[in-house]
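Student: Could we go through this one together? I keep meeting labels and would like to see where they come from.

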Amino acid sequence: MSINIWHPFTQHGLGEPIPEIARAQGAALYTADGTKIIDAISSWWVQTHGHCHPKIVAAIQEQSARLDQMIFAGWTHEPARKLAEGLSDFLPDSLEHIFFSDSGSTAVEVALKMALGYWHNRGETRQKILVMEHSYHGDTIGAMSVGARGVFNQAYAPLLFDVGTIAFPKAGSEQDTLDQLEDFCKNAENPPAALIVEPLILGAGGMKIYGAATLAKMAAICREHDLLFIADEVMTGWGRTGTIFACEQAGVEPDILCMAKGLTGGVIPLAVTAASDAIYQAHFSEDRAQMFFHSSSFTANPIACAAANANLAIWRDEPVQQRIDGIIASYRAFSDRLQRKSNISGLRQCGTILALEINDGAGDYMSDLGPKLLGFFRDRNILLRPLGNTIYIMPPYCITLEELTAIQAVIEEAIDHFGTS
Ligand SMILES: *Cc1c(COP(=O)(O)O)cnc(C)c1O
C-alpha cells in the first residue's frame, strides 16, 4: 500500500505538479538540484525575517534540548513568561492578558469564546457576532462562520452559525458601513456581542484595503455601544502594514487582538489572543464554572515560545523597520510603471503588501486565470499565489532589491501575457 499526501487548497484532479523543496535561506527556497525560487509571499504570509534566521534557529535548538513540551494548565515555564514580558513592549497598554494557542484559526476561536464568555459571565444575553463582508478568519468551523461565505464553505453551511454582516467600506461608501454597524448596535432585541475585523487590509478576501480613519470610527462605535472590538491581526501583525500592528495606524486599542503567523518569525506554529483586563476579570472568580474553558495539547509550547522570543529580539536589535521601508520604497517606481498599463486595475498598497487585478474579463477566485498564473510564476521560479486574478506581493523583510526586481519583472511579464484591456 502507498499513502498519498492530500495537500491543502489543492485540486489534485487538475494534475498540477507539486515541486519538492529541500532547503531555504533568506527570501529563497531551493529544490534538491539547487534551483532558487524567490518566496514573494513569505511562504503564505508567515515568514517575516526570512527563512532559517540564525537567531531563531539557535533559539529553537537551545530550547528543544532544555525543555521541549509540558502541560500549561496550572504550570508555567520561562519562555512563556519572557514572551509575556516582551510582548508588553509591542502591544497596546490596555491588552494586559495573553492566552496561547497554536494557529490563527484557534486564536480567532479563542477570541470568540472570550467575547461570548465575557457576556455570559456578566449575565447578559449578547450572542451575535458582527463581521465584515469579504473577511477571512480561518478554516475551522467557528472561524469560517465569521468569514465570508462562498464556494470555500458551501458544503459546511449547516454547521456555520449566523452572524451580522456589515459591508466592506469601499472608498466613497465608508459611511454606509458605519451606519450599518450603528444599526446593528441599536437593535435592542438582539444586541451584538462583538465585532471582528481584519484591520486595514482583508487578506484572503482579495487584499482589499480600507482606511485607518474608518477603522478608528468602527472601534469608536463599538466603544459607544459597549460592544467588544476584536482585531484579527493574524496576517497584518508583525510589520506587514508598515507598523507592528495595523491598529496602531488608527490609534485603536482593541478589546481582543489575535496574532499568529509572524509571531515566531513564521517558523513554527504559535498564536496569542491578547485581551483587556475587563475580559479577563469577567472570567476571574472563585467559581470554577466561570473559568475560561479552552486548551489545546501544545498550548504555549516552550520551543515555539523561544522562537517567538527570538522574533522579538530581532525586532529590537536589527533594522527591521529600515528593511520594511526599503521594500515600500522599491514599490514606488514599480507602481509608476504599472500605472501606465491599461490591462490592470485596482493597483493598491498597504505597507509591504502590493496588490492589483489583471483584467481578464472574468475575475473572481475561481477564474481560470488563477491556476494559469500559478503555473506561469512557478515556471519562472517565483513563489506567487494569486487570489483568482488578484496578484499580490508580500515578501519577507530580508528580501534583497535584486530579488524584488526579479519578482516585479515577472509580474509585468504576466500582465503583458494575460491581461486584456
Ligand atoms: C491566515 C489567517 C487566519 C488563519 O490562520 P491559520 O494559522 O492559517 O489558522 C486567520 N485570520 C487571518 C486574517 C488570516 O490571514
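Here is a short talk about the labels and the values behind them.

Tutor: Before we start, this is a predicted model, where local features need pLDDT of at least 70, side-chain atom pairs count only at pLDDT 80 or more, and totals for chains, interfaces and linings use all residues. Residues are numbered from 1 along each chain as its sequence is written, and side-chain values use heavy atoms, with hydrogens and water left out.

Student: Okay. Why is M218 called buried?

Tutor: Buried means under 20% relative accessible area, exposed over 50%, and partly exposed in between (1.4 Å probe, protein chains only). M218 has a relative accessible area of 0%, so it is buried.

Student: And what does M218 touch?

Tutor: Contact means heavy atoms within 4.5 Å. Not counting residues up to four places away in sequence, M218 touches M132, I166, L178, L181, L195, V197, Y210 and F229.

Student: Which helix is M218 in?

Tutor: M218 is found in helix α7. Helices are DSSP runs (H or I, at least four residues), numbered from the N terminus. T214 lies in α7 as well, which covers residues 212-224.

Student: Is T214 buried or exposed?

Tutor: T214 has 6% relative accessibility, so it counts as buried. Leaving aside neighbours within four places in sequence, T214 is in contact with P169, E174 and L178.

Student: Why is W44 called partly exposed?

Tutor: Its relative accessible area is 37%, so W44 falls in the in-between class. W44 sits in helix α1 (residues 42-45).

Student: What makes S330 and Q408 a polar contact?

Tutor: A polar contact is a pair of N or O atoms within 3.5 Å; within protein, one must be able to donate a hydrogen and the other to accept it, and residues adjacent in sequence count only if both atoms are side-chain atoms. The side chains of S330 and Q408 make one at 3.5 Å. S330 lies in helix α10 (residues 320-339), and its 12% relative accessible area makes S330 buried.

Student: Why is α4 called largely enclosed?

Tutor: Because 14 of its 18 residues are buried, α4 is largely enclosed by the rest of the structure.

Conventions: Helices (H or I, at least four residues) and strands (E, at least two) are DSSP runs, numbered from the N terminus.
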